[in-house]
Amino acid sequence: MSEAARLPLRRRPAFWAAGIFVAFGIISVLRMTDAIGSTTGFILMVIAMLQIVPLTRASLAKQRSTGHLSPAIVRYTRRFLLASFGYMLGLGIAVTIADRVDLSEIESFLIALLPVIPVLGMIWTMARYLIEEEDEFLRHRAIMASLFGLGGVLTLGTFWGFLETFEVVPHIWAWWVFPVWAIGMGLGQCWMALADRRANDGLGDES
Amino acid sequence: MKNRLKVLRAERNWSQQALAEELGVSRQSVNAIETGRYDPSLPLAFQIAEVFELTIEEIFLRD
């Protein structure tokens with residue numbers, strides 16, 4: 001049995017990640033079917049987001065056990081967690097105000113800044129991580145994952161843009177670039193972790 | 001790049017974690033260098049050589 005399989009559920013990052021995913025899915029369905037209002041939906045989303053705290057704890061514990069943890073990663077995780085809460089709060093407030101109040105152009109611009117500022121905070125957090133990480137291998141991995149995400153967003157963005165130009169697909173908002181890049185970065189990390197595991201299976205890793 | 005890190009470490013009875021702590025890097029870094037998945041920078045290679053009291057050429061071999 002693997003080490004991960006021996007861990008109780010509440011200590012597995014996948015358990016909390018699945019919890020967030022399922023909760024968001026259920027809330028989205030309830031919103032789409034008008035079973036709940038936007039305010040209730042927002043409150044439920046914030047409650048669902050609280051699972052990010054145990055997810056972070058479980059992830060840090062797992063990284064510690066696999067030898068991937070550094071002080072810079074701990075700082076990065078804390079900052080990113082804070083920015084994520086800021087984003088949820090900013091987005092919720094912005095959407096709630098925009099739904100209820102007739103805004104001028106300047107007011108709309110200021111409202112748009114509410115979710116933008118925390119996203120800028122996330123980008124700053126990632127930049128700080130690359131500056132603060134003293135372990136060159138972990139820094140190398142983070143850069144490779146960023147490039148993986150960048151490649152993904154450039155490919156998808158360019159492809160989608162031309163499909164949109166020729167009216168094959170509908171228009172999508174430009175703010176999608178950041179989540180798509182972040183997902184690509186996550187996939188890059190998974191791909192490298194799999195490569196690590198394969199290499200260690202062949203050579204006999206010490207845990 | 002090939003290296004003799006695993007053999008040298010075994011000769012001294014050092015774990016990956018002990019070597020990582022000595023070098024001030026993560027255990028995963030030592031693992032990646034040992035398995036040839038990551039070539040260290042020159043400063044880290046010098047640091048590794050210093051820890052083993054050998055020259056870089058005695059640890060890292062050309063492909």
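Helix axes are here lines fitted to C-alpha atoms over the stretch in contact, and the angles between them run from 0 to 180 degrees between N-to-C directions. In these terms, the axes of helix α5 (residues 71-100) of chain A and helix α6 (residues 105-132) of chain A come within 7 Å and cross at roughly 170° in this predicted model. Angles over 145 degrees count as roughly antiparallel, and α5(A) is therefore roughly antiparallel to α6(A). The residues that form the contact of α5(A) with α6(A) comprise 19 nonpolar, 4 polar and 3 charged.

Helix α4 (residues 52-66) of chain A packs with α5(A) at an angle of about 165°, and the two axes are 11 Å apart. At this angle α4(A) and α5(A) are likewise roughly antiparallel to each other, and their crossing is right-handed. On the side of α4(A) the contact is made by A:Ile52, A:Thr56, A:Leu60 and A:Gln63, and on the side of α5(A) by A:Ile73, A:Val74, A:Thr77, A:Leu81 and A:Ser84. In the contact of α4(A) with α5(A), 5 residues are nonpolar, 4 are polar and none is charged.

From the N terminus on, the elements of chain A follow the order α-α-α-α-α-α-α-α. The C-alpha trace of chain A spans about 65 × 40 × 35 Å along its principal axes. Of the 207 residues in chain A, 14% are buried. Among the contacts in chain A with a separation of 6 or more, 72% join residues 24 or more positions apart.

An unreviewed UniProt entry lists residues 12-30, 42-60, 80-98, 110-131, 143-163 and 175-194 of chain A under "transmembrane region". Two of these spans were examined in the model. Residues 80-98 of chain A are 100% helix and 0% strand, with end C-alpha atoms 26 Å apart. Residues 110-131 of chain A are also 100% helix and 0% strand, and the end C-alpha atoms of this span lie 31 Å apart.

A:Leu55 is placed in helix α4 of chain A. A residue counts as buried if 20 or more other C-beta atoms lie within 10 Å of its own; A:Leu55, with 21 C-beta neighbours inside 10 Å, is therefore buried. When neighbours within four places in sequence are left aside, A:Leu55 is in contact with A:Pro13, A:Trp16, A:Ala17 and A:Ile20. A:Leu55 and A:Ala14 are 41 residues apart in sequence, whereas their C-alpha atoms are 8.0 Å apart in space. A:Glu167, by contrast, lies in the loop between α7 (136-165) and α8 (177-203) of chain A. Although A:Glu167 is not a glycine, its phi is positive, at about 55°. A:Glu167 counts as exposed because it has 8 C-beta neighbours inside 10 Å.

Chain A is also in contact with chain B, through 15 residues from chain A and 14 residues from chain B. Helix α3 (residues 27-34) of chain B supplies the largest share of the side of chain B that touches chain A, namely 5 residues. By residue class, the side of chain B that touches chain A consists of 4 nonpolar, 8 polar and 2 charged residues.

For chain B, an unreviewed UniProt entry lists residues 5-59 as "domain: HTH cro/C1-type". Over residues 5-59, chain B is 69% helix and 0% strand, and the end C-alpha atoms are 6 Å apart. At one end of this span, B:Ile59 is found in helix α5 of chain B. The C-alpha atoms of B:Ile59 and B:Leu5 are separated by 6.4 Å, although the two are 54 residues apart along the chain. B:Ile59 has 20 C-beta neighbours inside 10 Å and therefore counts as buried. Apart from neighbours within four places in sequence, the residues in contact with B:Ile59 are B:Asn3, B:Arg4, B:Leu5, B:Leu8, B:Ile48, B:Ala49, B:Phe52 and B:Leu54.

B:Glu53 lies in the loop between α4 (42-52) and α5 (56-59) of chain B. B:Glu53 is not a glycine, yet it has a positive phi of about 55°. With 7 C-beta neighbours inside 10 Å, B:Glu53 counts as exposed.

Notes: Residues are numbered from 1 along each chain as its sequence is written. Chains are lettered from A and ligands numbered from 1 in the order in which they are written. This is a predicted model: local features need pLDDT of at least 70, side-chain atom pairs count only at pLDDT 80 or more; totals for chains, interfaces and linings use all residues. UniProt positions are given in the numbering used here, feature names are shortened, and annotations may be inferred rather than shown by experiment. Helices (H or I, at least four residues) and strands (E, at least two) are DSSP runs, numbered from the N terminus. A residue is buried if 20 or more other C-beta atoms lie within 10 Å of its own, exposed if 12 or fewer, and partly exposed in between; C-beta atoms are placed from the backbone. Two residues are in contact if their C-beta atoms, placed from the backbone, lie within 7 Å. Ala, Val, Leu, Ile, Met, Phe, Trp, Tyr, Cys and Pro count as nonpolar, Asp, Glu, Lys and Arg as charged, and the others, Gly among them, as polar. Angles under 35 degrees count as roughly parallel, over 145 as roughly antiparallel, 65 to 115 as roughly perpendicular and the rest as oblique. A crossing is left-handed if the near helix is turned anticlockwise from the far one by less than a right angle, and right-handed if clockwise.
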